[in-house]
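I am keeping a notebook on a structure that I have open on the screen. Before I write anything down, I want to look at the sequence and the fold together.

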Amino acid sequence: MSSASEQVISGLEGVLACESSVAFIDGNIPELSYRGYNIHDIAETLTYEQVVYLLWYDELPSPEQLHTFRNDLAARRGIPSVVIDLLRLMPASAHPMAGLRTAVSLLGTLDPQADDNSPADLHRKAADLTAKIPTIVAVQARLQMGQAPIEPDASLSLAGNYHYMLTGKRPDTTITRTIDTSLLLYAEHETNASTFTCRAVVGTESDYYSAVVAGIGAIKGPLHGGAIDEVMRMFLEIDQPERAGAYLDQALAAKRKISGFGHRVYRAGDARAPHLRAMAERLAEATGDRKWFTIATTVEQHMRQAKGIIANVDYYAAPVLYHLGFPLALFTNFVASARISGWSAHIFEQYANNRLIRPRALYTGHRGRQLPADYQ
């Protein structure tokens, strides 16, 4: 029998594991803020580069600082040819997140200062991966589609260049704004599973790349970043809006998990979801293809009536990324390409005030067992 001080909190739900000034969540309002700025004020106002700067330096950049920061990130977008060769060698059966994880690990081995954990070099590494991971994801997408990779264009913003490397087309302002907002909404989300994983690795005083590779491994899971893939697969399976209600009824009767609904922290709605819903509707209008948005809203309505469960950030992000041309298998890779900024902010914070993260387990096994005579 355990004492009151030995209570297990399943999934560490509600446990305060560290102090942080990066992001704040109140799941009852709901509220999400980055460094004190409410997500509703910045989601469709700031660029991704501005948000990255804010997360890393705890302040919005001046025009001069933003110019310098953008140029630095743009200059880092190119990836070594050996990384592209590695991506070409990946078998078709390999999960794209495994490819991203391996590519980042290779970049770590190529960095002669990989084990330098000084603040200045941590920021250099973070800038490098924030710039390079979208390039890796775009190369993965091009190779998956049987097309040649496209070199990054330093004259474009990070969001604009992302679309250009993916499609070969220069985006209009609507597409650029949509990608900026999508990246921004996924940039940071407090101590979620992947961020906590990054902090746990840093707690051992391991290197930056090891922490990020671990974070990629965590966000790959279907209960974390991988949920977004399953949302779009569901929409594709439904295919027609008039089938949505019957599909959901059958899925719930069979006790199948419906991806894109519910959240461990948010109880009154996901603070990010309204922005993605609005973008999904705008893209549906702009493209003249409302099928996916109609399916999504129909399923959402049925789910709310049947279970009272909220749609989360991944739910409407799925049709947004589908409209933008990201291959379904790389949706989670897109999420990781955004979250690298938040991971980095937490990595900086953990290194600056580090203590080894070492929880205990409540032991439930045998004690005091004796070896049988024939083993002695």
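The entries below record what I looked up, one topic at a time.

**Entry 1: the kind of model**

I note at the start that this is a predicted model, and I keep that in mind for the entries that follow.

**Entry 2: the largest pocket**

I asked for the volume of the largest pocket, and the value came out at about 1,400 Å³. Its lining is made of 43 residues, and those closest to the centre of the pocket are Thr 191, Asn 192, Ala 193, Arg 264 and Val 265. Which element gives the most to the lining of the largest pocket? I found that β1 does, with 3 residues, while β1, α9, α10, α15 and α16 each supply at least two.

**Entry 3: Thr 195, in helix α9**

I then turned to Thr 195, which lies in helix α9, the stretch of residues 193–203. Is Thr 195 buried or exposed? Its relative accessible area is 0%, and because buried means under 20%, I count Thr 195 as buried. The side chain of Thr 195 reaches the backbone oxygen of Glu 190 at 3.5 Å. When neighbours within four places in sequence are left aside, Thr 195 is in contact with Glu 190, Trp 343 and His 346.

**Entry 4: Glu 349, in helix α16**

Helix α16 spans residues 331–352, and Glu 349 has its place there. With a relative accessible area of 17%, Glu 349 counts as buried, since the cut-off for buried is under 20%. I found a polar contact of 2.6 Å that joins the side chains of Glu 349 and Ser 20. Apart from neighbours within four places in sequence, Glu 349 is in contact with Glu 19, Ser 20, Ser 21, Val 22 and Arg 199.

**Entry 5: Thr 130, in helix α6**

Thr 130 is found in helix α6, which runs over residues 119–144, and it is buried, with a relative accessible area of 0%. The side chain of Thr 130 reaches the backbone oxygen of Ala 126 at 2.8 Å. Not counting residues up to four places away in sequence, I see that Thr 130 touches Tyr 48, Val 52, Trp 56, Leu 73, Leu 158 and Ile 340. I also compared sequence with space: Thr 130 and Ala 338 are 208 residues apart in the chain, yet their C-alpha atoms are 7.9 Å apart.

**Entry 6: the length and cover of helix α13**

How far apart are the end C-alpha atoms of α13? I worked this out for its 15 residues, 273–287: at 1.5 Å a residue the helix should span 21 Å, and the end C-alpha atoms are 21 Å apart, so the two values agree. The buried residues of α13 are Ala 273, His 275, Leu 276, Met 279, Ala 280, Leu 283 and Ala 284. An α-helix has 3.6 residues a turn, so residues three or four places apart point the same way. What covers the buried residues of α13 includes α1, α8, α14 and α15. After α13 comes Gly 288, whose phi is positive, near 75 degrees.

**Entry 7: cysteines**

I searched the whole structure for disulfides and found 0. Cys 18 is in no disulfide, and the nearest cysteine sulfur, that of Cys 198, is 12 Å away. That distance is too far for a bond, because a disulfide needs sulfur atoms within 2.5 Å. Cys 18 counts as partly exposed at 32% relative accessibility, whereas Cys 198 counts as buried at 0%.

Notes. Residues are numbered from 1 along each chain as its sequence is written. This is a predicted model: local features need pLDDT of at least 70, side-chain atom pairs count only at pLDDT 80 or more; totals for chains, interfaces and linings use all residues. Side-chain values use heavy atoms; hydrogens and water are left out. Helices (H or I, at least four residues) and strands (E, at least two) are DSSP runs, numbered from the N terminus. Buried means under 20% relative accessible area, exposed over 50%, partly exposed in between (1.4 Å probe, protein chains only). A polar contact is a pair of N or O atoms within 3.5 Å; within protein, one must be able to donate a hydrogen and the other to accept it, and residues adjacent in sequence count only if both atoms are side-chain atoms. Contact means heavy atoms within 4.5 Å. The expected span of a helix is 1.5 Å times one less than its number of residues. On a 1 Å grid over the protein atoms alone, a cavity is a set of points where a 1.4 Å probe fits but cannot get out, and a pocket is an open set with protein on both sides within 12 Å along at least five of seven lines; lining residues have an atom within 4 Å of a point. Grid points are joined across faces, edges and corners, and a volume is the space filled by probe spheres set on the points.
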